Amino acid sequence: MKKRIAFVLAGVLVCVGAVIWLIPYAPMPDMNGFWNVRIWRVNGADMTELTEQVNQTALREALTQVQAKRVPRSQHSFSMDKVSYEIIAVYNDTPTFLNIGELNFVYNGNGWVHDLKNGSEILTQLDEICNN
């Protein structure tokens with residue numbers, strides 16, 4: 001009987017742990033946590049800074065809606081041809097980098113990236129913000 005209870009308890013813990021890992025998280029959930037946000041439009045090797053032209057409040061609101069997978073993966077290099085926007089934000093004193101486009105991920109410079117769950121939605125919002 002005790003073994004059965006132990007197996008059930010272990011199974012419940014494994015299921016709860018799996019659910020926690022599968023639920024996305026918001027890397028930058030609060031607009032008040034931003035100290036600095038810079039944005040570039042990327043076209044292959046050509047990068048155009050848009051920081052001064054965009055509505056910073058709208059940009060920060062869009063960034064608070066980013067949802068990333070909890071499970072990180074290693075990312076050593078990537079093609080800028082697959083990126084439409086590169087954003088560097090200092091959030092709660094931590095530099096945070098986002099690449100949005102065909103590739104959608106967030107990282108903080110430690111070699112591990114978190115893929116975005118809603119990258120295409122964020123791309124659409126960034127296109128609206130940057131084209132106004």
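A surface patch is here a group of residues with over 30% relative accessible area and no salt bridge, in which nonpolar side chains are joined within 5 Å. In this predicted model, Val8, Val12, Val16 and Ile20 form such a nonpolar patch, with about 330 Å² of accessible area together. One of these residues, Val12, lies in helix 1 (residues 2-22). Val12 is partly exposed, its relative accessible area being 44%.

The sheet is open and consists of seven strands in the order 2-1-4-5-6-7-3, paired in the antiparallel sense. Its edges are formed by strand 2 (46-49) and strand 3 (73-74), each of which pairs on one side only. Helix 2 (residues 56-64) packs on the sheet and touches strand 1 (34-43), strand 4 (83-91) and strand 5, with its direction at about 90° to that of strand 1. Helix 3 (residues 119-130) also packs on the sheet, touching strand 1, strand 4 and strand 5; the direction of helix 3 makes about 90° with that of strand 4.

Strand 4 and strand 5 run antiparallel and are joined by eight bridges, among them the pairing of Val83 with Gly101 in strand 5. The two strands form a hairpin with two residues between them, and Asn92 in the turn adopts a positive phi of about 50°. A hairpin with three residues between its strands is likewise formed by strand 5 and strand 6. Strand 5 (residues 94-101) pairs with strand 6 (residues 105-107) over three bridges in the antiparallel sense, and Phe97 stands opposite Tyr107 in strand 6. Because six of its eight residues are buried, strand 5 is largely enclosed by the rest of the structure.

How values were computed: Residues are numbered from 1 along each chain as its sequence is written. This is a predicted model: local features need pLDDT of at least 70, side-chain atom pairs count only at pLDDT 80 or more; totals for chains, interfaces and linings use all residues. Side-chain values use heavy atoms; hydrogens and water are left out. Two strands pair if DSSP finds at least two bridges between them. Helices (H or I, at least four residues) and strands (E, at least two) are DSSP runs, numbered from the N terminus. Contact means heavy atoms within 4.5 Å. Axes are lines fitted to C-alpha atoms, for helices over the stretch in contact, and angles run from 0 to 180 degrees between N-to-C directions. Patches are made of residues with over 30% relative accessible area and no salt bridge: like charges are joined within 9 Å, nonpolar side chains (Val, Leu, Ile, Met, Phe, Trp, Tyr) within 5 Å. Accessible areas come from the Shrake-Rupley method with a 1.4 Å probe; for residues, only the protein chains shown count as cover. A salt bridge is a side-chain nitrogen of Lys or Arg within 4 Å of a carboxyl oxygen of Asp or Glu. Buried means under 20% relative accessible area, exposed over 50%, partly exposed in between (1.4 Å probe, protein chains only).
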